[in-house]
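Subject: Structure handover

Hello,

Here is the structure you asked about. My notes follow below it.

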Amino acid sequence: MANATNFVALCGNLTRDAEVRTTQGGDNSVRFGVAWSRRVKQQDGSYADRPEYFDCECWANDNQLRHVQPRLVKGAPVTVFGRLEQQTWKAQDGGSRSKVVVRIADPFAGIVMGAPRQQQAAPQPAPQYAAPAPACAPQPPTPAPQPAPQAYAAPQAAYAAPAAPAMQPLPMGQTAVPAQAPQFVQAAYADEYSEEIPF
């Protein structure tokens, strides 16, 4: 069986917090469970997840335990690399019991896990958003006050007619003499030319 290979790579979630037991010699045994689900077709043609559970164990010194244990918490995603190991023991009723576990050789190289317990952020409540205020309908501009219309005044004529001369009363027995129209005298021009004008 020189060509036999025993290697396991398992990705899943922790089913419980890691359990640590210390032997009388001072060695730390770390045990935890990993679950993963596979899709199984049902009789009606639909698919459902079927979970499967695996026990994992590793030996760790105090320094390794200080770095590994805070991260091995229930529900944390984890990837382990190791080999299958079959364990057998005697039960209290005298019968033999056995199980297969995943044996991890190096906790640092064989365990890839999520955030440590103290670094896991608490779930934050969903942000509350206030409803937007209703948009105000645009108001038409207020017209400026207009002055009251003024009564139209007719323009006054700048030209004043001359006043009629005052009539003087005549003495008794006299009648008014009508004024004669002015006579225009047309100058008479000589028909003959003056001899003194040269031609």
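In which sense do strand β1 and strand β3 pair, and over how many bridges? Strand β1 (residues 8-14) and strand β3 (residues 28-41) pair in the antiparallel sense, over 2 bridges. Strands pair here if DSSP finds at least two bridges between them.

A word on the source. This is a predicted model: local features need pLDDT of at least 70, side-chain atom pairs count only at pLDDT 80 or more, and totals for chains, interfaces and linings use all residues. Residues are numbered from 1 along each chain as its sequence is written, and side-chain values use heavy atoms, with hydrogens and water left out.

**Overall picture**

The protein has 2 helices and 7 strands. Both kinds of element are DSSP runs, numbered from the N terminus: helices are H or I with at least four residues, strands are E with at least two. From the N terminus, the order is β-β-β-β-α-β-β-α-β.

Of the 199 residues, 19% count as buried. Buried means under 20% relative accessible area, exposed means over 50%, and partly exposed lies in between (1.4 Å probe, protein chains only). The protein exposes about 17,400 Å², and carbon and sulfur atoms supply 56% of that. Accessible areas come from the Shrake-Rupley method with a 1.4 Å probe; for residues, only the protein chains shown count as cover.

Now contacts, meaning heavy atoms within 4.5 Å. Take those with a separation of 6 or more: residues 24 or more positions apart account for 58% of them.

**Strand pairing**

Back to β3. L14 has V34 in β3 as its bridge partner. Strand β2 (residues 19-22) also pairs with β3 in the antiparallel sense, over 4 bridges. β2 and β3 form a hairpin with 5 residues between them. In that turn, G26 has a positive phi of about 95°.

Strand β4 (residues 47-60) pairs with β3 too, antiparallel, over 14 bridges. F32 has its bridge partner, C56, in β4. The hairpin of β3 and β4 has 5 residues between the strands. G45 takes a positive phi near 95° in this hairpin.

One general point for reading the strands: in a regular strand the side chains alternate between the two faces of the sheet.

**Salt bridges**

The structure holds 10 salt bridges. The cut-off: a side-chain nitrogen of Lys or Arg within 4 Å of a carboxyl oxygen of Asp or Glu.

D55 and R16 form one, at 3.7 Å from N to O. D55 lies in strand β4 and R16 in the loop between β1 and β2, so the pair ties together parts that are 39 residues apart in sequence. D55 is partly exposed, at 28% relative accessible area. R16 is partly exposed as well, at 32%.

R103 and E57 form another, at 3.0 Å from N to O. R103 lies in strand β6 (residues 96-104) and E57 in strand β4, so this pair ties together parts that are 46 residues apart in sequence. Both R103 and E57 are buried.

R97 and D93 also meet in a salt bridge, at 3.0 Å from N to O. R97 is partly exposed, with a relative accessible area of 36%. D93 counts as exposed, at 58%. Salt bridges that share partners join R31, E57, R83, E85 and R103 into one network.

**A look at R103**

How accessible is R103, and what does its side chain contact? Its relative accessibility is 11%, which counts as buried. The side chain of R103 makes a polar contact with the side chain of E57 at 3.0 Å, and one with the side chain of E85 at 3.2 Å. A polar contact is a pair of N or O atoms within 3.5 Å; within protein, one must be able to donate a hydrogen and the other to accept it, and residues adjacent in sequence count only if both atoms are side-chain atoms. Leaving out residues up to four places away in sequence, R103 touches E57, C58, W59, G82, R83, E85 and Q87.

**A surface patch**

F7, F81 and V112 make a nonpolar surface patch of about 300 Å². Patches are made of residues with over 30% relative accessible area and no salt bridge: like charges are joined within 9 Å, nonpolar side chains (Val, Leu, Ile, Met, Phe, Trp, Tyr) within 5 Å. F81 lies in strand β5 (residues 77-90). At 33% relative accessibility, F81 counts as partly exposed.

Best wishes
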